[in-house]
Amino acid sequence: MIVLGIETSCDETAAAVVDDGRAADARIRANVVLSQIEAHKPYGGVVPEIAARAHVEAADEVVRQALDAAGVGFGDLDAVAATGGPGLIGGVMVGVMTGKAIAFARNLPFVAVNHLEAHALTARLTETDEGDLAFPYLLLLVSGGHCQLLAVEGVGRYRRLGTTIDDALGEAFDKSAKMMGLGYPGGPNLEARARGGDDRRFDLPRPMAGREGCHFSFSGLKTKVRQTIEALPPGNLDDQDIADLCASFQRAAGDVLVDRCGNAIDMFERTCPAGGPLVVAGGVAANAYLRGRLEALARERGIGFAVPPVALCTDNGAMVAWAGIERLRAGPADTLDFAPRPRWPLDPDAEPVAFAGVKA
Ligand code: KG4
Ligand code: ZN
């Protein structure tokens, strides 16, 4: 099956061609990601209307580039998948309309993919060590808009064990980076500046650590970063201060993730006695320090560990195409009257958590 995947839910216009007939390490025949970083940089964050317009301008060209790079034409495709939500609705509409138009014109099945499901299944696209990654697994999904722990029991079968009661971790990275003047995109900049920093210099909180369950909270960490900056001599945040604060932030975030995932492993093993690996996905999973901390946790607990290659942690079309393949293997395609969904929780039955509804 050869599937075109389109991703436009945030600030990347992306398209990819994935061919599941090939060995896992050759499935991705093309993966084109056009970042809108330059368009949003002056504003220090993603401006939804600018994002939507940029998607309109770039979508056709990015799709063409992906098909060309894969050496296929529309006639070679078996299906078209596009992110149908959750995300910035103007952008999602562009991707959905592009996907529907191609599907309609070429009489192909259309799959509206849940962006979170695309992140959740990416490790099954890329994990090749001991055959394809099997269900069930414990997933830590950490991105700019989401921070959740889920038991992944199959395609479309997600049980949420924990979520954030306020900010997502990627949001805390981005906002802390902005406070330090590191600019957008914050996460990768903060990681780069943390290298060479003293991760014990600043005493930052570990919100929720030591508590029962596996919910998260990151707004207190972000606030403490602001207070720490304010406590330094005004205008005197030098390069070493920034490096130390970035390193201290990452260590605090790592401690929280390890604590929360430790509890989640217990919860997961109680309900899935056969167990399964810890899988990490989403943009923040690109962070080398956090990948290392979580891999060490899995080793300590004697369970497997999987994380997609860095380029497939942040938003891309390959994960959307792959989720489309997984959905088509499991059931029917969507109809062309699918309406884009700004909110689309993976586990609609999960109990609401204070304030968390807005992020779900
Ligand atoms: O999955 P993603 O590309 O988009 C969403 O679905 O949100 O995740 C983007 C988030 C941003 O908050 C970004 O700062 C963060 O992932 N991120 C990182 C790194 N690369 C991206 N955070 C920490 N370290 C990184 N290397
Ligand atoms: Zn994402």
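Select ligand 1 together with domain 1 (2–123 + 311–350) and domain 2 (134–308), whose bounds come from an automatic or database domain assignment: both domains give residues to the shell around ligand 1, so the ligand lies between them. This is a predicted model, in which local features need pLDDT of at least 70 and side-chain atom pairs pLDDT 80 or more, while totals for chains, interfaces and linings use all residues. Residues are numbered from 1 along each chain as its sequence is written, ligands are numbered from 1 and chains lettered from A in the order in which they are written, and side-chain values use heavy atoms, without hydrogens and water.

Next, display the residues with a heavy atom within 4 Å of ligand 1. There are 19, and the closest are Gly144, Asp174, Glu191, Gly283 and Asp315.

Now turn to the polar contacts (pairs of N or O atoms within 3.5 Å). Select Asp174, where a polar side-chain atom lies 2.6 Å from an oxygen atom of ligand 1. At Gly187, a backbone N or O atom is 3.1 Å from an oxygen atom of the ligand; at Gly170, the corresponding distance from a backbone N or O atom is 3.2 Å.

Finally, leave the ligand for the backbone. Select Gly85 and Pro86: the peptide bond between them is cis, with omega near -10 degrees. A cis peptide bond also joins Phe135 and Pro136, with omega about -5 degrees. Then select Asn107, a residue other than glycine, whose phi is positive, near 55 degrees. For context, most peptide bonds are trans, and most residues other than glycine have a negative phi.

Technical notes: A polar contact is a pair of N or O atoms within 3.5 Å; within protein, one must be able to donate a hydrogen and the other to accept it, and residues adjacent in sequence count only if both atoms are side-chain atoms.
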